[in-house]
Amino acid sequence: MNEDLGLWSVLLAVIGGAIRVSTPFLFVSLGETITERSGRINLGLEGTLVFGAMSAYGTAVLTNSPWAGVAVAALSGAAFGLLHGFVCRLPRVNDVAVGIALMLFGSGLAFFLGKPFIQPSAPPLPAIPFGFWSSLPQVRAALQVNVLFLAGAALSLVLWWAFRNTKAGLIVRVVGDSADAARAMGYDVDRVRLYATATGGALAGIGGAYLSLYYPGSWNEGVSSGQGLMAVALVIFARWNPLACFGAALLFGGAGALGPALQSVGVSQGYYLFYAAPYVLTLALLIATSSPDRALAGAPGELSLSK
Amino acid sequence: MRADAAPTEMSAAPARPSAGLQARAWLARRAEAVAIPVAAAVTGFALFGIFLGLMGKSPVQLVEIVWRGGFGSAFALGNTLQRAAPLLFAALCVALPARLGLVVIGGEGAIVLGGLAAAAVAPPLAALPAPLAIPLMACAAALVGAVWIGAVGWLQAYRGVNATISSLLLSYIAIALANHLIEGPLRDPTSLNKPSTLPVGEALMLGPMPGIGVHWGLGCGVIACLAAYLLMDRTTLGFAARIAGGNVRAAQIQGLPVGRLIVGFTALGGAFAALAGFFEVVAVQGTANGTLAAGYGYTGILVAFLARQNPIAIVPVAFLLGGIEASGGLIQRRMQLPDATVLVLEGLLFLVVLMSETLYGRFKLFSPHLWAAKRETAQVPATSVPA
């Protein structure tokens with residue numbers, strides 16, 4: 001009986017972890033989807049995520065309002081996106097390299113400015129207890145769903161719809177698939193990409209706010225363990241489809257929760273290997289879905305990544 | 001062009017108009033290749049000075065502290081050179097694949113695994129004489145690094161998996177794997193609060209190079225950079241690699257083995273990165289532990305891009321960044337600044353240097369064929385950007 005509950009608790013923890021851990025993945029990957037659909041890749045979202053986490057936490061400490069923190073994180077993320085978009089519109093500047101630079105710069109700036117906020121505690125974002133019907137604490141814990149998770153789920157649906165059915169969505173797609181066609185239609189390619197990168201940055205900033213204001217729920221220099229970069233790989237896995245991003249984010253969240261869940265029931269052997277599970281999963285999926293002969297199915301034609 | 005993106009014309013070495021056009025063009029190209037990165041670096045420092053000013057700190061004091069902590073005394077210089085050594089190797093792991101068009105950013109993983117491999121083979125090799133055992137340890141490290149980063153090249157060439165992302169994922173996996181081995185199967189039971197492998201032992205440790213008191217990693221790193229330069233710029237193999245990096249289709253039509261070139265040069269880069277880990281183990285730490293993942297792999301990316309993927313230029317750039325990193329502690333203590341200060345400076349430098357890419361071929365000063373030319377004949381044939 002005890003044994004049974006142990007295994008069930010692993011499953012519950014993985015489900016709960018998938019919901020808890022996936023939110024930053026979800027926001028970053030949705031942001032990156034918008035950016036990449038416009039034909040540019042922003043590897044700097046890792047830095048944006050960390051800076052978003054810091055600015056959200058700092059704002060929440062100072063104003064005592066977590067939502068103000070989310071707003072500031074979105075704004076600062078948009079600022080980083082604008083910087084990336086602006087630098088990349090210069091001729092002969094490589095967007096992948098600029099992303100790496102911004103990753104360094106964003107996290108450096110976040111650590112620099114965030115030093116005073118490591119000690120104080122900020123008000124967390126609210127969560128909705130969907131597990132109220134159960135008497136089991138594990139179930140209650142697993143179904144404690146944050147508002148941002150629901151917002152992200154809704155956003156992925158809206159984006160999926162918008163890419164197909166709205167003018168803005170179509171403009172972003174045409175810019176990403178053929179800059180020449182977009183120019184012929186009279187659209188300013190660089191401007192569309194600038195806005196797409198800024199929007200992507202804002203979403204990544206919100207993902208960062210979730211990290212510091214809900215889970216793990218504190219600000220320190222190890223707040224992100226590369227989620228921003230894994231989300232880039234996740235976008236490829238999700239084939240630039242916002243709905244698939246949602247599923248992929250859940251999968252990654254679950255993979256990330258596997259190690260701690262097993263540890264909690266006493267399986268401590270190979271803890272570090274479980275820690276590597278999401279990375280191995282990402283790599284395996286990339287290898288399985290890539291091909292040297294053709295561009296990835298669904299890839300925007302202008303993307304340097306898939307050329 | 002916007003005003004803030006213009007680290008503009010300054011400190012350009014003069015090109016002699018009296019020499020032939022060929023010579024002038026050569027000189028101008030070299031002058032451009034030096035002047036623009038230097039101007040960009042100066043701009044980056046200036047921007048950082050403004051940032052410090054906004055934070056209420058003195059930029060002048062920062063320059064003074066970087067000088068004192070990184071270059072001003074024999075001790076500081078030794079510290080700087082010690083940090084520059086792994087950067088040389090780590091930067092080669094970025095620069096060599098970059099000439100083939102691959103952005104590899106996972107050198108950190110190869111460093112960690114290389115150091116671990118060196119430490120892991122040390123106990124069985126302890127019976128051998130040091131002049132035999134130490135090269136074998138280096139080979140073990142290089143082999144592991146070559147396989148690790150070579151896999152990135154293989155995945156790119158034969159499976160179409162983007163090298164930037166796969167190298168980074170592999171780097172995370174490498175660090176997790178190393179942690180697992182260091183805390184598990186390879187752990188020295190006597191290392192209690194800082195898990196480490198068994199020490200390699202005094203006999204297998206490398207001493208300092210004669211005269212300068214810095215370990216051999218520095219000398220080997222400089223030699224590696226020179227060798228990489230010769231390989232890239234003075235051999236047919238390097239030439240083939242640069243063609244493949246410039247235009248894959250053209251290289252394939254020429255019958256060049258693009259896939260094998262990619263695998264070979266990424267593997268070589270990985271072997272170099274692993275040697276950084278090897279020297280950290282046999283010349284600094286004496287054992288493999290968590291400090292192997294000290295971020296040299298990431299700073300190496302910056303070094304390579306600052307050096308514009310030129311192996312020779314890596315040497316001075318690694319020296320400069322080694323100095324900045326060496327003065328990090330002093331910056332923290334003297335100016336009451338967070339330890340991330342160096343990271344902010346590095347990020348700014350990186351950004352400005354990348355922006356300066358757009359300036360190549362823009363200045364008439366560096367294009368002698370334009371000096372006398374009339375407007376309508378000014379068709380710029382060369383942008384003078386190395387592939």
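Author: A helix axis here is a line fitted to C-alpha atoms over the stretch in contact, and the angle between two axes runs from 0 to 180 degrees between N-to-C directions. The model is predicted, so that local features need pLDDT of at least 70 and side-chain atom pairs count only at pLDDT 80 or more, while totals for chains, interfaces and linings use all residues. Residues are numbered from 1 along each chain as its sequence is written, with chains lettered from A and ligands numbered from 1 in the order in which they are written.

Reader: How do the axes of α4(B) and α5(B) cross, and at what angle?

Author: Two packed helices are described by the angle and the distance between their axes. Helix α4 of chain B (residues 107-125) and α5(B) have axes that come within 8 Å and cross at roughly 145°, helices being DSSP runs of H or I of at least four residues, numbered from the N terminus.

Reader: Which residues make that contact?

Author: Among them are B:Gly114, B:Ala118 and B:Val121 of α4(B), and B:Ala140, B:Val144 and B:Trp148 of α5(B), where contact requires C-beta atoms, placed from the backbone, within 7 Å. The contact of α4(B) with α5(B) has 15 nonpolar, four polar and no charged residues; Ala, Val, Leu, Ile, Met, Phe, Trp, Tyr, Cys and Pro count as nonpolar, Asp, Glu, Lys and Arg as charged, and the others as polar.

Reader: How many residues of chain B are in contact with chain A?

Author: There are 38 in chain B, in contact with 38 residues of chain A. On this side of chain B, α5 (130-159), α6 (163-183), α11 (296-306) and α14 (341-356) each supply at least two residues, and α6(B) gives the largest share, 13 residues. By class, the side of chain B that touches chain A has 25 nonpolar, nine polar and four charged residues.

Technical notes: Two residues are in contact if their C-beta atoms, placed from the backbone, lie within 7 Å.
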